[in-house]
Amino acid sequence: MGINSNNTLRNKQNGNVLIVFTVALFALIGMASLALDGGHLLLNKGKLQNLVDAAALHAATELDEGATHEQARAAVVALIQLNITHNDHHELASAIDFSSVNNSLDQMTAQLNVEFSQLPDPFIQDNNESAKYVKVSLSQLDLDNFLADVFSFNKQVSATALSGPSSDISNCYQDLVPMVVCADLANANADALTNEYGLKEYSLNLMKIGSNSNSPIGPGNFQLLRLGSNTGAADIRAAMAGDTNLGTVCFTPGISNQSVPTEPGNTVGPVAQGLNTRMGEWYGPVNSTEHLRDTNICEGATIELDSNGDALEAGAAAKSYTFNDYDNDEAQYLNDANTSCDAINPISGGNIIAELSAGSQVARSDRRILQVVIADCNGTTNGANDLDFLDIGCFFMTQKVGSSGPTSYVVGEFINSGGNCTDSGTPSITPVDNDGPYKIVLFHVPGSSDS
């Protein structure tokens, strides 16, 4: 009886192991299916989203350049067809059916839908050609199954993207020099080298007057500005030296009703102390470690003003003006980084050293390039004013600044406008009227989990 009981118990245990093994096997298959098919699903979902994002951006760009809705739909199909020819999109290529496409309908195919709206949020379908926001959807694309067939699970992917114009781009700066150059709007676009603000490319400009000059803004103002968190002479000095811890200042070119506040007073010492660090001269509370000099601090004979103190070109005409030119054939500042300026032109002082050279006088290229506000100074009458902002200009600092009132003027050679020396544009994704520059961007699709 004991032997038979043991055999019966052993047989029952063998049956239990088989059941456990079968359950475990199904669990392993399920986990493998989840890992293999789930990973495959996510991979193709990402690929499809990239395709749809690109198609929406392309269609919005076409609309922005004047295309009709029908042309924008055709552009969506063309770009998707182009992208799915790549080998890594072979499965999506077989799942997308473009055999019957109608560019005149929102539902272009059973899988592809392209709609338009006046705004991204709320997105309200609108076939008026003025609607410039486009939403592209590719839905219910069947993918290959691996172990998912065991569970009768069919894999499908969908993706949606929405694109259109951003708000106006604000150009933001941390290193604006707190001076203003007044536009000469009467001579705007006077010739091929003169821009819409009357500034002539590679010409000299009196960027800040001295104490013996007539202010273009009004009594008590010497073309200084109060930018960011500037609060006085110490901040003027720091900003002139290029400190970036005074806050960020943002402007949107092309948008009216933007203004900049002036900073009354000449502030002779702080202006000279700050700007002259760029020319390798440090005195007062500045130093060569925190306030680097330019790699090239060569300068010709000092450019002086005429007897009126405001006719800069007339005063410069009688002076030797060669090596301190930013871009003038062989005397070009940009092309002389490895040349001794003494061998080219006698100078009052200065030399050329490599960027980040050893020693106390560490240098950095382009320190003599100043980004300065261009404003409309017409109609002002006193020292404290709000000037109409026009743009940001880039100027080349030609010489050191004098430390006395009459010699505290700043001379700069105009390079270009638009502040494109080192600025960066930052668009918002909240659309407005697009009076200024903007970008074509992607938006989140309201109410969708696919975008």
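**Stop one: a pair of helices**

Helices here are DSSP runs of H or I with at least four residues, strands are E runs of at least two, and both are numbered from the N terminus. Before going on, remember that this is a predicted model, where local features need pLDDT of at least 70, side-chain atom pairs count only at pLDDT 80 or more, and totals for chains, interfaces and linings use all residues. Residues are numbered from 1 along each chain as its sequence is written, and side-chain values use heavy atoms, leaving out hydrogens and water.

H4 covers residues 233–241 and H5 covers residues 268–276; their axes come within 7 Å and cross at roughly 20 degrees. Axes are lines fitted to C-alpha atoms, for helices over the stretch in contact, with angles from 0 to 180 degrees between N-to-C directions.

Now show side chains. Ala233, Ile236, Arg237, Met240 and Ala241 in H4 meet Pro270, Val271, Gln273, Gly274 and Leu275 in H5 (contact means heavy atoms within 4.5 Å).

**Stop two: the disulfide**

Next, pick Cys182 and Cys377, whose sulfur atoms sit 2.0 Å apart in a disulfide (the cut-off is a pair of cysteine sulfur atoms within 2.5 Å). Cys182 is in strand S5 and Cys377 in the loop between strands S11 and S12, so the pair ties together parts 195 residues apart in sequence.
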